[in-house]
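Subject: Structure handover

Hi,

Here is the structure we talked about. Please open it alongside this note.

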Amino acid sequence: MGRAEDVPLYGRDPLLRALVPRLTGLKYDERSRTAREFQHDLPVVLVTGRHGMGRSAVLRALAAHYRGRLPLAHVRIAPGGAGGHPAAGAGAEGQYAADLVGVLVELARQLGPSYRRPFPVLLPGLFAVSGWEPGDDAERDAVCLRLARLLIACRLADEPEQELRRSWATAVEARAPRPPGAPGAADISRALHGEFAHRHRPGPERDWYRGRFPQLPAESDPLELLGEWHHQGGDYRRAVERTLVAAFRHDVAGSYGRLQRWNREPWPLVLLDDVHLPAGRRFLDLLLEHRAVAESPEREELVVVATRLGEPPGSDPGPVRRELPDLLRTSGWERRGTSPSAGLLTVPLTPLSRDDVLPLLEAGSAGAPLHPYLASALHTLTGGHPAATTMLCAAVRAATRAGRAVVPRDLLELSAGDGRPIGEALLERLLPNRRQRDRLTLLSLARDSTAAEALAARLRLEGPEQFPANAVTDYLEQQHWQRLTPPESPLVSDPLLQKLLVHEARRLSPGPDDSRGWQEIHRFLQNHHAQRGDEGEADALRHMLAAGGVETVVASLAEVFQSEQDERGAGHWLRCLQYAATAPTPPERDWEDDRLRIALGARDGRFVHLDDTERCVNRLLHALWYLSEPHTEPDPDTCTAVEQELAYLSLRHPSWRIALGQAARRWPAAARDKRPLPIPGQ
């Protein structure tokens, strides 16, 4: 479980052990049957979640438990243009496919061995639309190998796959026209179809395709037309793809006759990973379109479980959305309306609970005692994100086995399995694009897009984009970490991602005088927000504290406290105090963390030059700053100190007594529960 991909499946039982067994008719971890929830009309289950939520792990678990018990295909969608004809890549993740034809080839190849006469209609169509650009030997070899494996899986050939690949490549190129009429990709497809018809005599499938093109003259070959239309693109290709998906459904339905239905033989289980990518989205759209037609002659009952990065568009009323706990007894799905998306049942994956973390920490820790609040701190840090939780737990276990006592504040200082800092490994897992990740590491220190754009100009971040801050927010939106990002909103809205980026910026920071160093960046941002007047005061104080200017922040807060008489200013002052105290801490080489001792008054001797009010503000700021860390467990003494300091200040201000008194009562409780500190009147 130490690998990033080994995301724990805690809390996934409603999907694995309840919903999918009711769809397949087979129990998840027992070789026995169970009642099916649906007959004839099944939903497509769409499992959604961000990077690292365990979408692929769910499909791997289903593949491992159902393989050999029913016809099963496991396909992972690849980005278009990246391995459009992958010949390798099969394994635990499933075979890759980057276009619709590739998806259908993989489905037929993996399901074919389970059938007596596999895909008699689909196979001629796949050969009729396959092809390569003449002269591209690598693409030719990949296509021929893919088709050779398909023929072997469907028992239409028994030669070794490499020999079969070479014989097909030689035969097809011999059929292609010679110069001066140099062949194109369409000619290659025509030659492939001709060679398939030569080796495997046409049967009723030609009549099936002719039925899809009733306007075709009797002497014309519908499969040749299929290939021509495929290469024309646009609406022609869409019609071809729709026909191929119909052929796939026709063959699957035709394999389940009266005897199979009488014996309740399970229908195939199709697992599709990453259907937000074009090929997966296209297949799913066409499957849903076909199923939405009530009079469709192909009434297959495929069980389809697909995964998608992020949530589908919220404006579509068609899909039925269910949380994991809702699936335990029934899915509650029924087709409502005639839109294709009404055939979807979307299930978002939820974070791990706090109770899930402790078993992960204990597993394989060699029985060494752990810090009593380590599990709570880890859950607070990750928010229950499965991949981050798994990697951090693995790092804790490795450190424990090596004899190191891990305390909560050390979590992001641990090493991953390959020896890299755990924060670096986590960010690479969650933000795959290296260029945007490096930009975000610096720009995440800014509060919003406006400040980030100013910082990007200061740091001279270069690239093809005119606005680097817009480019990184676009990237975060494309990766489904956040929705639209208004200029005044936080640049990175996900708490885990923000913590990891800030920690990495601190770790990689050069010396204090470097323009890209931690202190210089925060001083620049402090000046940027100071120019906004009262609106930017809280941000300016926060950046000053992050840069190590504690004395300046204390002096500013104390000066406003002593000079401001308007009772409406209490809320603004408390907001400045509360927000400033969320500042990230400076690099350890430039700063000693003495916050807890200062908060409890143990270092008051250092501050004899301050008056009573300034010393009180100093202790209060350090207490709140300490409690703001996700890894700190709020101890009673620190929470009591917050209450006492606020109560002290409430008695020493002529008009803020009520607001400060409310804060003295409410803030300690909020800090104990790790809740945001409420601002009176807001």
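Below is what was found, from the whole chain down to single side chains.

This is a predicted model, in which local features need pLDDT of at least 70, side-chain atom pairs count only at pLDDT 80 or more, and totals for chains, interfaces and linings use all residues. Residues are numbered from 1 along each chain as its sequence is written, and side-chain values use heavy atoms, with hydrogens and water left out.

**Whole chain**

The protein chain has 28 helices and seven strands. Both are DSSP runs numbered from the N terminus: helices are H or I with at least four residues, strands are E with at least two. The C-alpha trace spans about 100 × 60 × 50 Å along its principal axes. Of the 682 residues, 55% are buried. Buried means under 20% relative accessible area, exposed means over 50%, and partly exposed lies in between (1.4 Å probe, protein chains only). The accessible surface is about 29,800 Å², with 50% of it belonging to carbon and sulfur atoms. Those areas come from the Shrake-Rupley method with a 1.4 Å probe; for residues, only the protein chains shown count as cover. Take contacts (heavy atoms within 4.5 Å) between residues at least 6 apart in sequence: 68% join residues at least 24 apart.

H26 covers residues 612-627. Its 16 residues should span 22 Å, and the end C-alpha atoms are 23 Å apart, which agrees. The expected span is 1.5 Å times one less than the number of residues. In H26, 15 of the 16 residues are buried, so the helix is largely enclosed by the rest of the structure. At its start, a side-chain oxygen of Asp-611 comes to within 3.1 Å of the backbone nitrogen of Thr-613.

H12 covers residues 278-292.

**Salt bridges**

Side chains of opposite charge can pair when their charged atoms come close. A salt bridge here is a side-chain nitrogen of Lys or Arg within 4 Å of a carboxyl oxygen of Asp or Glu. The whole structure holds 53 of them.

- Arg-165 and Asp-141 meet at 3.0 Å, N to O. They link helix H6 to helix H5, 24 residues apart. Arg-165 is buried at 13%; Asp-141 is partly exposed at 25%.
- Glu-629 pairs with Arg-595 at 3.1 Å. Glu-629 sits in the loop between H26 and helix H27, Arg-595 in helix H25, 34 residues apart. Glu-629 is buried at 15%, and Arg-595 is buried at 3%.
- Arg-190 pairs with Asp-187 at 2.9 Å. Both are in helix H7, three residues and about one helical turn apart. Arg-190 is partly exposed at 34%, as is Asp-187 at 21%.

There is also a salt-bridge network. It links Asp-418, Arg-420, Glu-424, Glu-428, Glu-504 and Arg-507.

Ser-255 is in the loop between helix H10 and helix H11. A polar atom of its side chain lies 2.9 Å from the backbone oxygen of Asp-251. Leaving out residues up to four places away in sequence, Ser-255 touches Tyr-115 and Gln-260.

Best wishes

Conventions: Polar contact = N/O pair within 3.5 Å; in protein donor to acceptor, adjacent residues only side chain to side chain.
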